[in-house]
Amino acid sequence: MRLIKEKTNIDFLSRGRRNIAVGFSILIVVVSLVSLSMRGLNLGIDFTGGILLEVGYPQDADLSGIRNKLDVAGFDESIVQAFGNTTDVLVRLGPQPGKDSTEIRDRLFAVLSGGDSRVDLRRVELVSAQVGEELTEQGGLAMIFALTMIFVYVMFRFQWKFAAGAVAALFHDVIVTVGFFSFTQISFDLTVVAAVLAVIGYSLNDTVVAFDRIRENFTKLRGVSAEESMNVSVNEMLARTIITGVTTLVVLIALLTLGGESVGPFSIALIVGIVVGTYSSIYTASATALMLHVNAQDLMPPEIDPDAIDDLP
Amino acid sequence: MNRYPAWLNALVFTLLMVGILVALPNVYGTAPAVQLAQREGVAFDEQRVERVGQVLERADISFEEIYLKDGRIVVRFASLDKTPSAAATQSSSSENSQSVQQNARELLMGRFETDTNVALTEASRMPEWLRNMGLEPMSLGLDLRGGVYVLLEVDMDSAITARLAAYEQDFDARIRAEKIRPRVELDGQQVNVRLRTAEEMERAREIVREADPELIILDGADGKSLRVRMSETQIKARQDFAIEQNMTTLRNRVDQLGVAEPLVQRQGVSRIVVQLPGVQDPNALKNILTATATLEFRMVDTDGTSPGSRRYPGVPGVQGQILKREVIASGDQIVDASAGFSEGSPAVFITLDAVGGERMLANTMANLRKPMSSVFIETKRTPINLPDGTTSYRTVRTEEIINTATINGVFKDSFVTTGLNPVEARDLALLLRAGALAAPVFQIEDRTIGPTLGQDNIDAGFKAVQIGFLAVIAFMAFYYRGFGLVANVALFSNLIFIAALLSLLQASLTLPGIAGIVLTVGMAVDANVLIFERIREELSAGSTVQNAIHSGYEKAFSSIADANVTTLIAAIVLFAFGTGPIKGFAITLSLGIITSMFTSIVGTRAIVNLMFGGRRLDKLPI
């Protein structure tokens, strides 16, 4: 069975189409950056520091009642929200400089439970502002480090113009995915950073597969413009791009709908990232390489070691 | 063409069989159990196993299995059909079985209290022959089994200050012994020694150098005083000591609390990570971890004439007293303590070590009919807001009298103190038994997952894997027919290999880890999609069937390798930078990438070769 015609010949990369795509990419990147600078991210307590309690009530939770009780007890800055179902409640409090956080945790739970022993303290997260800062720093470092290593690898395996294209695509994916979190104000926590890094891996996977085919066609299709042979390559890989995208999205949708509330933001980051990543490996990566005037001479293929298969784990 | 040599087929088959065997323990699920460990890490023998079994049988506590594992005794109770995937519905029967587990723990604790710690745990229901091979199921992370992750910061400044305070007393005593009267004071990170003349200062310098040649001695501005500081190496040594000592104490406390498989680990210069899986009542436990409560015994200065006496407040309901400077016995001389009742009120029964016992004996003989106070000491860190908006912390030591009693008879190493409520008495006894912290510790990060959420996470996670997996399998079989089935076999073996490797490495499986597996399932088919699409291309370009298979695998390889290496880079970066749950994701993602390369390239090729290789075929089911 085939989803896609055996031989497609869609014009992805002619100058006109390319300009539209580049324009669109620039637009969404700019929108993301604007949103990031205006609205910022709804950072989870992993980064801001603070206290988070997940409490399970034996009956449906009365959110406004809980808010009132917390106001009265002096926790008027706390954020109360339903979590996953009607009986579970998430209460979040920012960092409390000048107060003993473990004591606040105990007091918060006392207020929430009202002494009812059936109220279940399902989860506590307490992160000091200092640890939050460190985690933010580590997350940022991890991204920069991953991007650098990948740039070096692609440069080594292909050529700098492709590496630039690949990394441009990755920046594009990361900015748009993070921008999506800024725009929707979905909680951005440590697991989302992990998801964004996984998106980097996935999107690159896509880009590299496309580049591999482009390289092959550059040497195979002599006398054809770079633009045309890239277009042929993208068409040839179209079935694979879509099928892999679809299977991955299917499992991620299963994770989003069945995996429980706490992997929600994580799944959303991956879903957005994979959609954007698929688009960018067709457009951003190839278009960047084309803009840098990539040509067949750039790509006299580095010999692939035929024994490599034995060396791989 | 398209034939694997026999050895390669055999290798693929053997690896798969080994994978299945190693992954097998995961199939059986777990059941509540208790684990007995001998203090000081000594291994139990078969004799003790028998005795434990008899004790339980006599008390009519039925168990399914009792065995020795790594020198510890594990007693597993009736299972509840609690496989990792299906559970939660059985809450009522699980309460029952938990109480069996609790009863057994209490019984065994009472019976073997002198040398044994009894912990509640979960034990695998795998058959004996598997266990004897040393195989184990995957270990579940805290977010899946419930538990506590606490990051503690050790207050290094107080560790140094405590050492300097000891120097302060030591210098004072030594200099006085030379008939010089100095003024010795602790001043931040140094000890100031003030004297009356320059000659005295020179003499004092010698005494200090004699006391500890490594100390740095600086002259004071007035020519009559010395400033004594610890050298860098001493500070470093002291900090290391404080951390090591604290880790030992924390381990003791955790063991006493009955937590199986605790993890106490140093992180960086001044931090300690404590992980306590499967804890039922996390909050009570966390307060014990950071507690610094200890006791001191001092005589009451009845006529108020002894030098250095000062007033101590009492806890609510107890009168404050003026107490003498001299400490008769303190917490670090206590070798055993237990909570109970004395004359109807909660009490702590205390046993001192030999030195403490001797001092107590001498003191009680000399001070019959005079009052002695028990001082309860607690160190707390209170935050202070600084003007620039940041927060600093000040360590405050509170010392309060819990009781004052007249010495009515001579005693030495064992006695009773009262004046606390039952919970305080129980906690204090535990803390005294486990030893004091060398420096106060403070929680800077705390992630606690209650047991119910843990179970929910497991259920949700496994469901997502199941459904995602089924959807992908259905799609592949539908889209690539025969070859799709081959890819599905590879996908399934991939799951087995991931489970096997996780079991072998005993790396914790976390919820993000499950997400990593889900993602791998989605991405693992990519390699097969690349290969199959390539074979289709080759076929439509007019290649023969055998050539198409051959070049399909051949040509897709470099794409697959590049694609996987780049994802692996991201996963390794995640592993290097990530903490806790993120690491779990990185581990399953990297393992999944590696195993999927094997199953989707070598594995599927082996099957394809067996089915289609070397035959004259006109078309392929692809």
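**Chain A, helix H9.** I began with helix H9 of chain A, residues 238-258, and found that its 21 residues reach 30 Å from first C-alpha to last, close to the 30 Å expected at 1.5 Å a residue, where the expected span is 1.5 Å times one less than the number of residues. This is a predicted model, in which I took local features only at pLDDT of at least 70 and side-chain atom pairs only at pLDDT 80 or more, while totals for chains, interfaces and linings use all residues. Residues are numbered from 1 along each chain as its sequence is written, and chains are lettered from A and ligands numbered from 1 in the order in which they are written.

**Chain A as a whole.** I counted 12 helices and four strands in chain A, these being DSSP runs numbered from the N terminus (helices H or I, at least four residues; strands E, at least two). The C-alpha atoms of chain A fill a box of roughly 80 × 45 × 45 Å along the principal axes. Of its 313 residues, 49% count as buried, that is, with 20 or more other C-beta atoms, placed from the backbone, within 10 Å of their own.

**Chain B, domains.** For chain B I looked up the domain assignment, which gives domain 1 (6-23 + 451-612), domain 2 (30-125), domain 3 (156-235) and domain 4 (241-448), with bounds from an automatic or database assignment. Eight residues from domain 2 of chain B and seven residues from domain 4 of chain B make up the contact, for which C-beta atoms, placed from the backbone, must lie within 7 Å. On the domain 2 side, strand S4 of chain B (residues 116-124) gives the most, with six residues.

Terms used. Contact = placed C-beta atoms within 7 Å. Buried ≥ 20, exposed ≤ 12 C-beta atoms within 10 Å, placed from the backbone.
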